Amino acid sequence: MTRRQPGLAAMATMGARSGSLGGPAEAVNGMKPVRMYTTQVCPFCIRAKALLRQRGVAQIDEVRVDLEPEQRARMMELTGRRTVPQIFIGDTHVGGCDDLMALDQRGGLTPLLNGS
Ligand SMILES: N[C@@H](CCC(=O)N[C@@H](CS)C(=O)NCC(=O)O)C(=O)O
């Protein structure tokens, strides 16, 4: 699932990205919004997206850092990391794919997604 691309008119009125993560991530199905910094060729990104979908995430706000170099800089600024994926659930920086899977294995992913 890729990030929604706003129309030109919307972009003209939007100015800077909104929200605490700097973008348009929104809650869907009562779940916290999920943002993932990715590149096109990235097996770890594919694996992370598959796990999130298995846990009921219907929408991922995907930021393609290979297409938007300024977003790679933003990702590194926010996370201190240079690899993709970098995953945010709500305001929480989960980390990469390994971190997401470890969180799930210790039972923390679903509660985080549900804000409980
Ligand atoms: N342990 C990390 C590995 C992530 C990783 O190696 N991602 C690759 C792309 S699939 C990457 O960003 N490579 C570029 C680099 O290492 O600078 C995770 O689970 O997310």
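Which residues of helix H4 are buried? In this predicted model, the buried residues of H4 are Cys97, Leu100 and Leu103. Seen down the helix axis, these residues fall within an arc of 125 degrees, so they line one face of H4. An α-helix has 3.6 residues a turn, so residues three or four places apart point the same way. The face of H4 turned away from this buried side carries the exposed residues Asp98 and Gln105, while the buried residues pack against H2, E3, strand E4 (92–95) and H5. After H4 comes Gly107, whose phi is positive, near 85 degrees.

The protein chain has five helices and four strands, and from the N terminus on its elements run in the order α-β-α-β-α-β-β-α-α. Buried residues make up 28% of the 116 residues in the chain. Among the contacts between residues at least 6 apart in sequence, 63% join residues that are at least 24 apart.

Helix H2 can be read in a similar way. The twelve residues of H2 should span 16 Å at 1.5 Å a residue, and the end C-alpha atoms of this helix are 17 Å apart, which agrees. The buried residues of H2 are Cys45, Ala48, Lys49 and Leu52, and because they cover an arc of only 100 degrees around the axis, they lie on the same side of the helix. These buried residues pack against E1, E2, E3 and H4, whereas the face turned away from them carries the exposed residues Pro43, Ala50 and Gln54. Just after H2, Gly56 takes a positive phi of about 95 degrees.

Leaving aside residues up to four places away in sequence, Ala48 touches Met36, Pro85, Ile87, Cys97 and Leu100. Ile87 and Asp61 are 26 residues apart in sequence, and their C-alpha atoms are 9.9 Å apart in space.

Pro85, one of the residues that Ala48 touches, is found in the loop between helix H3 (69–79) and E3. The peptide bond that leads from Val84 to Pro85 is cis, with omega near 0 degrees.

Which residues are found around the ligand? They are Cys42, Pro43, Phe44, Arg82, Thr83, Val84, Pro85, Gly96, Cys97 and Asp98. The elements that give two or more residues to this shell are helix H2 (43–54) and helix H4 (97–105). By class, the shell has six nonpolar, two polar and two charged residues. Both residues of the cis peptide bond, Val84 and Pro85, belong to the shell, as do Cys97, a buried residue of H4, and Asp98, an exposed residue of that helix.

Key
Residues are numbered from 1 along each chain as its sequence is written. This is a predicted model: local features need pLDDT of at least 70, side-chain atom pairs count only at pLDDT 80 or more; totals for chains, interfaces and linings use all residues. A residue is near a molecule or strand if its C-beta atom, placed from the backbone, lies within 6 Å of it. Ala, Val, Leu, Ile, Met, Phe, Trp, Tyr, Cys and Pro count as nonpolar, Asp, Glu, Lys and Arg as charged, and the others, Gly among them, as polar. Two residues are in contact if their C-beta atoms, placed from the backbone, lie within 7 Å. The expected span of a helix is 1.5 Å times one less than its number of residues. A residue is buried if 20 or more other C-beta atoms lie within 10 Å of its own, exposed if 12 or fewer, and partly exposed in between; C-beta atoms are placed from the backbone. The arc is that of the directions from the helix axis to the C-beta atoms.
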